[in-house]
Amino acid sequence: MLVAGAVVLTFVSAVAALTLFWQHTADVPVSQAMVPHCDPVAADPPTVALGSSGQVTFRCLTESAFTIVGASLNVTPLLQGFRPPLTSLWVFNADGALVQGPCPNRTDAVLLQNNTAVELAPSNYNYCGEYLNVGPSGIHSVSVGWTVG
């Protein structure tokens, strides 16, 4: 009986233990982010001539299309609806020295290929689409989704 009483006393002591306090660690966010500024982005110029070739910038009306904040970020574009007359789609530094003219010549221009990762440095970015021989239906919209990695 003495052994059973000791077991019960030990059990009661363990249950009766009081938690003095808890401590919680802080959330630790990533130092990088990709921030969109509008949807949809607007075309500049807003119209193109039938049969023309050239480039069109896609951006928000009052700011860049998106921003990379913090450190460089490896992201993968997912392009939906990309078709002629578009021949290529790029992103470029919206605050750079060259923000007009051929897409590959714009500041920090990066060619976007569907499901192919690119590294983007911290900056503000706009899109640039090159097109060739625009038909009667004009340039069709493209949806760009972004994934990390």
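1. A quick definition before anything else: rings of Phe, Tyr and Trp (for Trp, its six-membered ring) pair if their centres lie within 6.5 Å, with planes under 30 degrees apart counting as stacked, over 60 as edge-to-face and the rest as tilted. On that basis F66, Y125, Y127 and W146 form one aromatic cluster, and the structure holds three aromatic pairs.

2. Some ground rules: this is a predicted model, where local features need pLDDT of at least 70 and side-chain atom pairs count only at pLDDT 80 or more, while totals for chains, interfaces and linings use all residues. Residues are numbered from 1 along each chain as its sequence is written, and side-chain values use heavy atoms, leaving out hydrogens and water.

3. Take F66 and Y127: this pair is tilted, 5.6 Å centre to centre with 55° between the planes. F66 sits in strand 4 (residues 66-70) and Y127 in strand 9 (residues 123-131), so the pair ties together parts 61 residues apart in sequence. Strands here are DSSP runs (E, at least two residues), as helices are (H or I, at least four), numbered from the N terminus. Both F66 and Y127 are buried, where buried means under 20% relative accessible area, exposed over 50% and partly exposed in between (1.4 Å probe, protein chains only).

4. F66 also pairs with W146: the ring centres are 5.6 Å apart and the planes at 55°, so this pair is tilted. With F66 in strand 4 and W146 in strand 10 (residues 143-148), the pair ties together parts that are 80 residues apart in sequence. F66 has a relative accessible area of 4%, whereas W146, at 23%, counts as partly exposed.

5. Now the disulfides (a pair of cysteine sulfur atoms within 2.5 Å): a search of the whole structure finds two. One joins C38 to C60, S to S 2.0 Å; the torsion about its S-S bond is about -100°, so it is left-handed. C38 lies in the loop between strand 1 (32-36) and strand 2 (42-44), and C60 in the loop between strand 3 (54-59) and strand 4, so the link ties together parts 22 residues apart in sequence. C38 is partly exposed at 28%, while C60 is buried at 3%.

6. C103 and C128 form a disulfide too, with sulfur atoms 1.9 Å apart, and it is left-handed at -70° about the S-S bond. C103 is in the loop between strand 6 (86-93) and strand 7 (110-112), C128 in strand 9, 25 residues apart. C103 is buried at 0%, and C128 is buried at 0%.
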